[in-house]
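Subject: Structure for your review

Dear colleague,

Please find below the structure that I am handing over to you. My findings follow directly after it.

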Amino acid sequence: RIVYVNGAFVPEEDAKISVFDRGFLFADGVYEVSTVLDGRLIDNPGHMARLERSLNELGMGSPVPVAEIPALMEELVARNGVAEGMVYLQVTRGAADRDFAFPKDATPSLVMFTQARSVADTAAARDGIKVISAPDMRWARRDIKTVQLLAPSMMKQKAKDAGADDAWMVEDGFVTEGTSNNAYIVTKAGSIVTRQLSTAILHGITRAAVLKLAREAQLKVEERPFTIAEAQDAAEAFYTSASSFVTPVVEIDGAKVGEGRPGPVAKRLRELYIEAAR
Ligand code: PDD
């Protein structure tokens, strides 16, 4: 695989990052995951806008102007011949002698790699997935897409160990989001419910696109928090992310949602999203 590291496209075994890089030592970095469908990046302007926002929130620069990153991503996709999959990109504050305070003179690092895999046609989309609930142990600025991912990684592993696929994290009695996705339910009255934007969740790029498509399709959308009990009793549940589009959730903490099968609203939104992307 060819990866990108600080200005160069190199075989992955030749890529080098300093052991003093603050991404490695302090999780002092931000990232984006963009999807490739039919060889093209989808929703990428949204990912670039969020990258810019994450960098600004942390007072971090990018070694390459953000406006020039999409062309580098496209080149990486082409060099690796990726038809379907992801581009992962990460900007860290750079290498400096270890100190909690931000260094004055560090040069930020940019690394990118691709992952080829099916995204449009997956077992998760066809059959739906199972989630467990778990306390949200993350920090208070989840709107910044930092590489500080140990808490969601632990929750995801806890879900796998329990025979489920993902965890929906709960704070003060309400679902915040999934470990790497935004969470939704469809009420028996047909409303799509998802938590409103705040510092408690990541402002999903797929979330914005899907809510727009839902409203255009005259579906009712309510942006408010919901509980695990309300989700278990809902007609449908699903989640969204760049890598999973719209994925039905058919079981929550062992209780079937609706009939325990992917529901019509999640299926329709997934189709609308893929159609719009293509
Ligand atoms: N995850 N919430 C969290 C905590 C996330 O990490 C993600 C994305 C989302 C969905 O955001 P978007 O629709 O912009 O992908 C919500 C990416 C895909 C990841 O970490 O792999």
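Met-48 is placed in helix 2, which covers residues 44-57. Please note that this is a predicted model. Is Met-48 buried or exposed? Met-48 counts as buried because it has 20 C-beta neighbours inside 10 Å, and the cut-off for a buried residue is 20 or more. Apart from neighbours within four places in sequence, Met-48 is in contact with Val-66, Ile-69 and Pro-70. Pro-70 is 22 residues away from Met-48 along the chain, yet their C-alpha atoms are separated by 8.0 Å.

Two residues deserve a note on their backbone angles. Most residues other than glycine have a negative phi. Asp-43, in the loop between strand 4 (40-42) and helix 2, has a positive phi, near 55°. Asp-43 is classed as partly exposed, because 19 C-beta neighbours lie inside 10 Å. Asn-6 also has a positive phi, near 40°, and belongs to the loop that joins strand 1 (2-5) and strand 2 (8-11). With 16 other C-beta atoms within 10 Å, Asn-6 is likewise partly exposed.

I turn now to the ligand. Which residues come nearest to the ligand? Of the 14 residues around it, these are Leu-202, Gly-204, Ile-205, Thr-206 and Ala-242. By class, the shell consists of eight polar, four nonpolar and two charged residues. Helix 6 (205-216) and strand 13 (236-241) each contribute at least two residues to the shell, and the largest share, three residues, comes from helix 6.

Yours sincerely,
A colleague

How values were computed:
Residues are numbered from 1 along each chain as its sequence is written. This is a predicted model: local features need pLDDT of at least 70, side-chain atom pairs count only at pLDDT 80 or more; totals for chains, interfaces and linings use all residues. Helices (H or I, at least four residues) and strands (E, at least two) are DSSP runs, numbered from the N terminus. A residue is buried if 20 or more other C-beta atoms lie within 10 Å of its own, exposed if 12 or fewer, and partly exposed in between; C-beta atoms are placed from the backbone. Two residues are in contact if their C-beta atoms, placed from the backbone, lie within 7 Å. A residue is near a molecule or strand if its C-beta atom, placed from the backbone, lies within 6 Å of it. Ala, Val, Leu, Ile, Met, Phe, Trp, Tyr, Cys and Pro count as nonpolar, Asp, Glu, Lys and Arg as charged, and the others, Gly among them, as polar.
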